[in-house]
Amino acid sequence: MNFNLSGTFNVFKLLVKPSLCLPHASVRAFDEIPSPLSKAFDSRVDSQGNKADIRAVVLDKDDCFAYPDTNEIYPTYLNRFRQLQKEYPGPRLLIVSNTAGATTYDRDGHQASKLEKATGASVLAHRVKKPGCGDEIMAHFRAHPELGVSHPSQIAVIGDRLLTDIMLANLMGSWGLWISPGIKPMEEKSIFSRLEIPLASFLILTLGYRAPDPRSPFE
C-alpha cells in the first residue's frame, strides 16, 4: 500500500487556505506545455510584479508524461519531453514521483533507477511524499549552484494532481502548471482525481479564489 502521510496531513491546510491547491496555469496534456515554459504564466506576476523566471522544472510522472504505473514516456509526448530536456538540461529537470524515488515505497531505489534509464532525467530520492517534500527538492538544486536556482520562485512544478503536485508548488512558493485531464481516461481515474476538476471550478468560478503569488527571492 502506497500511503501518503504527507498528503493526509497537508490537506487540512486547505481548510484555512483553499487556494493552496490551485494552479497558476493549466493545459490539457503534456504536449500542450508551451515553449518557452514561462509563457504558461504570462498572465501572472510574482508579489514584486515580476513575471516568471523559470530556471528549473519539477516534473510528476504518472498521468503527466507517462501512463500510470509505467516508466516509458507516452509516445505522443516524447517530442515535447525531449524538447523540455533541452530547455532544462541535466539537473534542471527533476522528476519527483510519489512512487519511483519515494523511499517509503521505492525502498531500494529500483523503480527510480528504471525511470532514470527510461527517460534520461534525474529522479529525486525523497523521504517525504508530495506535497511535503519541498525541502528535499530545494536541497537538490542547492547541491548544483551552477544552475542559479536559489529560490523556489525560480521553479515550475508540473503535474496532474491538485492535492499533491500543485499544492507542493504553492507550499514551496513556486509556479504550478496543472495537466488536466492527462492521459488516463476519466472513468478509470480514482475518485479523488475525478473530484479535483469540479473542486478547482468551484473554488475559482464560484468562490473567486486564485493561486497564491509565488514568493519573490527578495522578500
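Me: Which exposed residues does the face of H4 turned away from its buried side carry?

Reply: Keep in mind that this is a predicted model. On H4, the outward face has Asp135 and Arg142 as exposed residues.

Me: And which residues of helix H4 are buried?

Reply: In H4, which spans residues 134-142, those are Gly134, Ile137, Met138, His140 and Phe141. Looking down the axis of H4, you'd find these buried residues within an arc of 150°, so they line one face of the helix.

Me: What covers the buried residues of H4?

Reply: The cover includes strands S2 (56-59) and S3 (93-95), along with S5 and H5.

Me: Which strands do bridges join to S6, and how do they run?

Reply: Look for bridges and direction. S1 (residues 25-27) is joined to S6 by 3 bridges, and the two run parallel. Ser26 sits opposite Trp178 of S6. S5 (residues 155-159) has 4 bridges to S6, also running parallel. There, Ala156 has Trp175 as its bridge partner in S6.

Me: How does the chain cross from S5 to S6?

Reply: Follow the path between the strands. The chain goes from S5 through helix H5 (residues 162-172) to S6, making a right-handed β-α-β crossover.

Methods: Residues numbered from 1 in each chain as written. Predicted model: local features only at pLDDT ≥ 70, side-chain atom pairs only at ≥ 80, totals over all residues. Heavy atoms only, no water. Pairing = 2+ DSSP bridges. Right-handed = clockwise from strand over helix to strand, strands pointing away. Buried < 20%, exposed > 50% of the residue type's maximum accessible area, 1.4 Å probe, protein only. Arc of directions from axis to C-beta. Contact = heavy atoms within 4.5 Å.
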